[in-house]
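Open the model in your viewer and keep the selection tool handy. We will go from one residue out to the whole pairing of the chains.

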Protein chains: 2
Amino acid sequence: MMMKLKEYLEHSAGAVDKALNTFLPKEKEEPTTIHKAMRYSVFSGGKRVRPILAVEAARTCCGKPKDAMVAACAIELIHTYSLIHDDLPSMDDDDYRRGKPTCHRVFGEANAILAGDALLTLAFNIIAARMDPKRGAAVARELSEAAGTRGMVGGQAIDLEWQGDDVDTKTLNNIHMLKTAKLFEVSTKLGAVSAGAGRKAAAAMAAFGASVGMAFQMVDDIIDGDGYAKLYGEEKARRDCESLVLEAKAALAVFGRKAQRLKDIADYIEERRK
Amino acid sequence: MMMKLKEYLEHSAGAVDKALNTFLPKEKEEPTTIHKAMRYSVFSGGKRVRPILAVEAARTCCGKPKDAMVAACAIELIHTYSLIHDDLPSMDDDDYRRGKPTCHRVFGEANAILAGDALLTLAFNIIAARMDPKRGAAVARELSEAAGTRGMVGGQAIDLEWQGDDVDTKTLNNIHMLKTAKLFEVSTKLGAVSAGAGRKAAAAMAAFGASVGMAFQMVDDIIDGDGYAKLYGEEKARRDCESLVLEAKAALAVFGRKAQRLKDIADYIEERRK
């Protein structure tokens, strides 16, 4: 079972990569440095967890993967922009990500800022240019809310305020919710919306995505010995992570057997070690 | 005449300010620093030239100013984000803008980057949340193209490449076109689109906006003794600016007398001294 899932995830990530390649400007197009910087960060070994969840949510709602591909790629572009900006010297000052030099280490700080700006802009461009206007408007509205000061940007701002200080549980949970869970929440929700699912299905997908996102972040913390795992110890972190994944899977009850693959992905996220 | 136009421009800028105030998160909302930084830069004495042009273009196409207000504010939010990021230490490293300390001087570099990111995100949020889906999709598509690597971001990237070097005329024109004229072009065009104008009217408005944008940038260069004025001398710069404004006004022929106010604004842009 697990082997089959892995192959499936690789196949799905491949389809996302192919679509991203279509949506991104070519490296040789002027100004080349920015386009190279954008592609360097987008194709740097990301697992494509969010877009895979979006596509799988669409399929679970009886849609085609194709229906959700634009929204899925927009989410991945926004995720990538946020990593580039978070890594900057004035933010988290990271030299490496996924074992490779960060965007600003390769292309310089100014180009990294611009590459991030361009990826964020491109995300809304592909939605506006390639989706049905009504569904596109719903996707752009929710995605911009998850990415703005009531979501990702807000989470990073609070994270920065606390940098160096010992953060309390409530604040840490809030940061994880805003920085990570919100984008997971819209990934599955907008997968459903892109497939034309109704309000009830979209809400169930949102609940699933939010819990899976918190679990994903907690596993990250366990792997890095950071955040939640540092505050509570690995054992409690593992237990809470398990509860979150159970909660996530329970939210999918409304879809019956059609949701099996999403449940398998949730288990896979809980069990990953790197 | 000129006095009446000035009053009119002030009135129109006031309406834009009021709408921007509605669209921006309140300062007291968490995370407060980011919301303060966003508002600091949006309300720092900008002339609101682009949104005024958008609203006036809508009126010229027999629409209501209200029709174009969301697109107009989205354009101003994107203009403001680009100023914040351009001023950063790793970009143009400017300490002051319009006589006030730049965003990063007041709130720090990280918060300035995030405030810019949030303004760009908010621009697409208000379009998606507050416009008719079909018109909103057209506006978001064109605006994201003008703001991305084939527009503003691309112009800034080329500008950075040349920093410190003596730039040639062709490159300078290209930078001005991408960094300034594109956003002017979409300001008037999207004013028309927001008012439901047809393709011919939108194209005429785009031509007007692009020429006015180049003229606006040239006047900036004359005032600062920079760029175009430095390469060619003030006299030729003034002459070329005059030609651009004539060209701009000629593009409005299709609107007859309804376009008088836009023509007056073009003259006003040519004659401004600060």
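Which residues does B:A157 touch, not counting residues up to four places away in sequence? Select B:A157 and you will find A:P31, A:T33, A:I34, A:N111 and A:L114 in touch with it; two residues are in contact if their C-beta atoms, placed from the backbone, lie within 7 Å.

A word on what you are looking at: this is a predicted model, in which local features need pLDDT of at least 70 and side-chain atom pairs count only at pLDDT 80 or more, while totals for chains, interfaces and linings use all residues. Residues are numbered from 1 along each chain as its sequence is written, and chains are lettered from A and ligands numbered from 1 in the order in which they are written.

**Around B:A157.** Colour helix α8 of chain B, residues 152-162, and you will see B:A157 within that helix. Helices are DSSP runs of H or I with at least four residues, numbered from the N terminus. B:A157 is buried because 25 other C-beta atoms lie within 10 Å; the cut-off for buried is 20 or more, with C-beta atoms placed from the backbone.

**The whole interface.** Next, show both chains. In total, 40 residues of chain A are in contact with 40 residues of chain B. On the side of chain A that touches chain B, the elements giving two or more residues are α2 (32-42), α6 (109-130), α7 (133-147) and α8 (152-162) of chain A. The largest share, 14 residues, comes from α6(A).

**The symmetry.** Superpose chain A on chain B: a rotation of 180° with 0.0 Å of shift along its axis does it, at an RMSD of 0.0 Å, fitted by least squares on the C-alpha atoms of residues with pLDDT of at least 70 in both copies. That is the relation of a two-fold axis. To find the axis, select A:P133, whose C-alpha comes closest to it among the residues of chain A, at 2.7 Å. The copies meet through the same surface, because 100% of the interface residues of chain A are also interface residues in chain B.

**A helix pair to finish.** Select α6(A) together with helix α7 of chain B, residues 133-147. Here A:T121, A:F124, A:N125, A:A128 and A:A129 meet B:A137, B:A140, B:R141, B:S144, B:E145 and B:A147.

Methods: A residue is buried if 20 or more other C-beta atoms lie within 10 Å of its own, exposed if 12 or fewer, and partly exposed in between; C-beta atoms are placed from the backbone. Axes are lines fitted to C-alpha atoms, for helices over the stretch in contact, and angles run from 0 to 180 degrees between N-to-C directions.
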